[in-house]
Amino acid sequence: MAEGCKERKSSMEGAWITIGSFDGIHLGHQKIINNLVEGAKRTGVPSIVITFFPHPAAYIKNITDPYYLTSSEEKDLILSKLGVNSILTVHFNHFISRLSPRDFIRTLHRQLEFSCLLVGYDFRLGADQEGDLKSLEYLGNKMGFCVRAITPLKQQSKLISSSIIRTALKRGNLSTANTILGYPYSIEGTVVHGDGRGKHIGIPTANLSVWEKKLLPAKGVYAAFAFINRMKFPTVVNVGYRPTFYENSEQQTIEAHILNFSDQIYGMKIKLQFISRLRQEKKFRSVNELMEQIRKDISYAEEALTNDTTPTDISS
């Protein structure tokens with residue numbers, strides 16, 4: 001049990017909470033969440049995660065490019081699977097951004113009457129990020145809750161962070177991203193009609209329309225699993241601009257060739273779980289040359305997916 005956290009007699013009194021963006025819910029986040037859930041269960045109280053949307057950094061820096069590792073729905077699903085009892089998503093806006101740490105915590109404590117706050121090692125809260133661990137401990141002493149800082153996780157001597165994952169995905173370093181996440185990176189989208197070129201050349205693909213703010217892996221060809229109606233299928237995914245067919249295209253596409261699958265799935269939502277990056281996207285001199293490479297891609301993907309040792313996906 002965390003120091004300063006007292007046992008509560010009522011199972012509904014004095015929740016344990018944590019506060020953060022938790023984009024991606026990587027291994028570092030999972031360590032905080034696991035401590036939260038275990039501590040709350042031990043003291044017989046609910047566990048609550050307070051998170052934000054939009055992401056504070058995206059709002060403050062006015063980031064308009066794809067940025068998010070997880071949508072709010074994906075985040076809620078993962079947190080629920082980790083055992084969190086309640087998730088409160090705060091709409092982050094100018095008013096929230098200018099609240100002092102004291103005002104934010106006082107309002108939160110008045111509403112939730114929490115007994116313990118768990119935070120990451122570098123947690124900052126409030127206007128100009130003035131709410132550090134020391135100031136939170138001061139507020140805890142005044143309001144009657146404990147504060148527990150969770151030590152950070154490191155990967156190859158580097159601190160784990162969502163920023164590192166975003167950088168890895170943009171560079172096509174899927175292995176690093178998946179290792180830090182602790183599960184395979186995934187995207188979810190609706191199958192829409194494409195230009196039919198895949199079907200015309202004998203390689204039908206499912207074209208996905210995804211949330212425009214979701215960060216996609218770098219252009220390239222990937223071995224992946226497609227989840228359709230709770231069933232899992234080996235898949236080859238191309239993320240990019242199809243340079244063999246289009247010169248200087250500005251429309252990025254996500255095309256999934258689902259192996260040994262022929263059902264009509266237009267309008268359905270499917271999830272793609274990225275396991276390994278096979279190669280960069282490139283322009284081929286002819287359709288025949290492209291077809292030859294696709295056959296190789298399928299073979300490489302089948303091997304990669306058969307030998308997959310990626311940790312269990314907690315987002316499914």
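Thr-18 stands opposite Val-49 of strand E2 in this predicted model. The pairing of strand E1 (residues 16–19) with strand E2 (residues 47–53) is parallel and comprises 4 bridges. These strands belong to an open sheet of 5 strands, arranged in the order E3-E2-E1-E4-E5 with parallel pairing. Its edges are formed by strand E3 (86–91) and strand E5 (146–150), each of which pairs on one side only. Direction ignored, neighbouring strands of the sheet are turned against each other by 25 degrees on average.

Two helices may be described in relation to this sheet. Helix H1 (residues 27–43) packs on the sheet and touches E1, E2, strand E4 (116–120) and E5. The direction of H1 makes about 165 degrees with that of E1, a value that counts as roughly antiparallel because it is over 145 degrees. Helix H6 likewise packs on the sheet, where it touches E4 and E5; the directions of H6 and E5 make an angle of about 155 degrees.

Helix H6 (residues 133–143) also meets helix H5 (residues 101–112), the two axes coming within 11 Å and crossing at roughly 40 degrees. H5 is therefore oblique to H6, and the crossing is right-handed. On the H5 side, the contact involves Pro-101, Arg-102, Ile-105, Arg-106 and His-109, which meet Leu-136, Leu-139 and Met-143 of H6. By residue class, this contact divides into 5 nonpolar, 1 polar and 2 charged residues.

The peptide bond from Phe-53 to Pro-54 is cis, with omega near -5 degrees.

Phe-22, although not a glycine, has a phi of about 55 degrees and lies in the loop between E1 and H1. Its relative accessible area is 4%, so Phe-22 is buried. Asn-62, also a residue other than glycine, has a positive phi near 55 degrees and is placed in the loop between H2 and helix H3 (72–81). With a relative accessibility of 60%, Asn-62 counts as exposed.

Terms used:
Residues numbered from 1 in each chain as written. Predicted model: local features only at pLDDT ≥ 70, side-chain atom pairs only at ≥ 80, totals over all residues. Heavy atoms only, no water. Axes fitted to C-alpha atoms, helices over the stretch in contact; angles between N-to-C directions. Parallel < 35°, antiparallel > 145°, perpendicular 65-115°, else oblique. Left-handed = near helix turned anticlockwise from the far one by under 90°. Contact = heavy atoms within 4.5 Å. Nonpolar A, V, L, I, M, F, W, Y, C, P; charged D, E, K, R; others polar. Pairing = 2+ DSSP bridges. Buried < 20%, exposed > 50% of the residue type's maximum accessible area, 1.4 Å probe, protein only.
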